[in-house]
Amino acid sequence: MKNPAQSSGIQKAESYLAPETLLQLSSFELRAKMIVEGIRSGLHASPHQGMSVEFNQHRTYTPGDDLRHLDWKVYGRSDRLTVKQYEQETTLDVLLLVDCSASMKFGTLEPKSGWGGTDGSRSSSRWTKFDHATATAAALAWMALQNTDRVGVHLFAEGLQHSLNQRSTEQQWRQVVSLLSRQAIEGGTDFNTSIDQILSLVSNRSLFIILSDFLENPGVLRSVFAKFLHKRHDLLCIQVLDNEEIEFNNQDPTSFLDLESETEIKLDPTLIRDSYRESLRNHEAELRRGLVDHGFDFIQMNSHDPVGPALARSASRRREWLKNRHAG
Amino acid sequence: MPGDLAFILISPWMAVAGAVGVSIPLLIHLLFRRRRKPVKWAAMLFLEEAWSSRRKRIRLEQMILLFIRCAIPVLLGLALAQPVLDGSRLLPGSGRSIHLIIDDGVVSNTTNSSGQRDFDIHIERATSILESLKPGDRAVVTLTTDPKSTQAGATDVGTTMNWLKTISPSEQPSRIPDALMKVRDELVESESPGSSEVYLLSSFREGGFDPDIDHETEFPEGVSLSYSGPFEEHTENTRINRLEPLRNIRIERSSANDPSIDRTIMIELERDGNMLPGTSMRLNTIIGSWNDSRTITWEKGESTKTVGMELPNEVDVSNGIKAHVESDDSMSIDDSRYLALESSEAIHVLLLDRPGEDNRVFESRSNPGAGRWIQYALQPGSKSTYRILEMDPSVFQMVDLHDVDVVILTRPDLVDRTSGSWIRTHLDSGGLVLVTPPESLSTHEWVASTSSQLGLSWNASMEPRIHDPSTSLAMPTDPVNTGSPLELISAELPALLETTQVHQSLEMKNIESANVLLTLEDGSPAIISGGSRGVFPGNVIFMTFPPSMNWTDMPTRPLMVPLFHELIRGGLSSARKSSSGFVGEFVDAGHGVVSISNDGVRIPIIEETGTTSTSIPNRGLWTMFDNRGAAVGQLALNTRPGSTDTTPGDPETVSNWLGGEWTRLESDSTRTASHGNHPSLVFPLLLILAILVILETVMGRMFTRSIHSGVG
């Protein structure tokens, strides 16, 4: 049973990480900080978790070594000054791939008062999928940097739009935030091209986190996932969908205009609601299966829900991956 | 083909309304198709997939729903139209040919004690007969007021029944003999008249049927002949039979000393029915805004009543007179009557005379000549209503006849061919010509040529006949007929005539067409008239002696003044009778009139004859127009007196008049028979309608409320 203090901390964190709170903040940077505060408030695993220093070998003490690292047990047995040499974890490259195609501009959550943020929210006056994805990405970047991971960001649509090479400097998070807040949302989505371009820039084995709505043929996506496996990267796919996209509760017959292709379709939502939801479920299942088959992970986010679960899930994924790497 | 339908609609307009109601769901459908502001959408992938998998089914569902929604107003309209199944039409046709003769004459407007008009009863019977027909049978309807035009497309029973609902009784008199003749002719020309049935549907009231007019119609062998009526209920009806002035010309500025006959109109009332005593009703005479109302009380058994009414001088009669009797009787059409009256400031006389030529005559102051005597007679005082222009026959021109009412010709021998043609023109425009022999001539060759110039065939002896001893004047053996110029003084005439002596006169020949107004003692004509409504619209009065002392002592006798006043006023009045006529007849509007119009209806006038090109459809004051489009007078058109007589005809007389081959229909036989064949379809339709409404509700919930287009 949770104690009251923990419960209060959870509630505070939830309020920090909830879109309703985030979208009140006019500055994207401020919004990102709010997420960080949410994480710090203790809901999720400590960002230092996983930063353990693992023992590697003993060596003979030489003057100047830190006395804290002397192995006193060995000295007692052998009367030799021996220093424990630790191997610092190989720095992890976390690469955030954020979909900035026009379909990410969709959102139905309305603000309570005027607010700004990303290009998506500025143009549609709604909390868009892109808002949700970038908020999550900013939080993930901060978490990774706290782990001294190197963090890079790639924005893609029909191809690679902007890149921020991976670094673990103190300024990196600010640059990540700045890049995400400036990015325009437009164009269609071409996963094949975009991923090819991004993978060509990365030589180290890395943890890729893709934030997208993944509104693409599952067959195409499956071939994309295979490319990550081929390069021995790890992959976490975070599918961001708006609540209306998931529920499809529209009532009135109307015309639907595709944000990417301008295709128009006139219909009565009530007539096809069940079929729509079934299509969505099938797509998600295929997506999940495609990722699991390759040993990757998948999480679906509702843009009306807090970003917390996604962060916890990604932290967990990071630990898992590190373990696997050492094991391998 | 409507005639083949196996059901009949009692209220077809409701079915039409139902058909129009189909537009409501269609309209809603179209409204929902209107373009809305599109919703920007990202997850199109799932939308397209879902739509393409369900599109066909959705469209099918929507079509079914739309069909049901369209069917609901149609069925509702059909149910409200009260369709009845015509069982007889489901059977094959028997080739029957029905000829219905429906009496739609003015007397068919008679309303019985149940409030039903005779005409409505005829239509009910006709409908019953038509309902008994089967597909392939033929029906033709002929109306008695217009037998020549049979209902167009009448061979189609369904169309005929619908047409029957649109017609109404006419104001025209019934012409049953003509209708019988028309149907007889049709049957004679048809290939198989033997299978034909003729139904004569009439009430046979006295106003619409005259047993004295023999129809002499023999129908082909084997034709079944039936008739309804006569209706035996005695209905109360009071009508105005006549509304006439004593003179057709009213002098506007006649002084108080003038005879009041110019201002008097006569109203004759007649009533049918039980003729109860003490019945009172109001009689109104309406002239523009002026109204005279008086109470008429009938004595027991009294059927006619004549009311004289003097019109005040200040009332303008130029817009016509209407008399109306307020009676709540069985027919309202004959409660009113119209009168058009010509009014004038004075009577304009052109006296064609040559005084002084005969010195012998003028030697005596006691015998100033015929022309002068006539002037003395017409202008006895200073306030005469006569304006006399005296002119020599050899110098007068056509223009001198402008506005002239009467031409007095005391020297016809001086009228040449040209002058004669002008006078004939005057007659053609409804004028009066009074001719007296020249007093100074001993031989009278002019009679034949003058007569010829005026379009008459009259002639006279060359030499005057000397009466020795002188002879007095007398009334003709036949009583003075209605319309005679001397009718108004016929009571006083015998006494006046006795004291007047004629010394010599012309002996008239070839006067078969003339009316003899006065005779000599031996019965030979003394004053004759003719031409009015015959050769020309005007009137010619011919005296066989001039009012000259050599020929007669009339100028010094009391007869002189009233005789000439009456000859001119009465003669002129009869010449101007073109201002009245009867509904259903071709009316003579006179020359110079090109059309007449009333209540939006315009009827052209045939130039050659001056009569209307069609029969008059309804009563009222019709306005006459000349070729410039200017109104030149009024025409009072009424129902012919007697044509609205509602007295029931005698059944035996009707039966005899029609002939033995005609069978009288039982009163309700056709109707009773027809009702059994027509079960109502309303209940089954309402049942289907209820099922459809339930289906619509269920399917509407199952499907949706609108229809949508596909992808793209």
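**Close-up views of a predicted two-chain model**

View 1. A:D258 stands opposite B:W41, a residue of β2(B). In this predicted model, local features need pLDDT of at least 70 and side-chain atom pairs count only at pLDDT 80 or more, whereas totals for chains, interfaces and linings use all residues. Residues are numbered from 1 along each chain as its sequence is written, and chains are lettered from A in the order in which they are written. Three bridges link β8(A) to strand β2 (residues 39-41) of chain B in the parallel sense; strands are DSSP runs of E with at least two residues, helices are runs of H or I with at least four, both numbered from the N terminus, and two strands pair if DSSP finds at least two bridges between them.

**View 2. The side of chain A that touches chain B.** Chain A gives 26 residues to the contact and chain B gives 25 residues, two residues being in contact if their C-beta atoms, placed from the backbone, lie within 7 Å. On the side of chain A, two or more residues come from each of β8 (254-258), β9 (264-267) and α11 (269-293), and α11(A) provides the largest share, eight residues.

**View 3. The open sheet of chain B.** Four strands, in the order β12-β11-β14-β15, form an open sheet with antiparallel pairing; its edge strands, β12 (290-297) and β15 (336-339), each pair on one side only. Within this sheet of chain B, strand β11 (residues 280-287) and strand β14 (residues 321-326) run antiparallel and are joined by five bridges, with B:N284 standing opposite B:H324 of β14(B).
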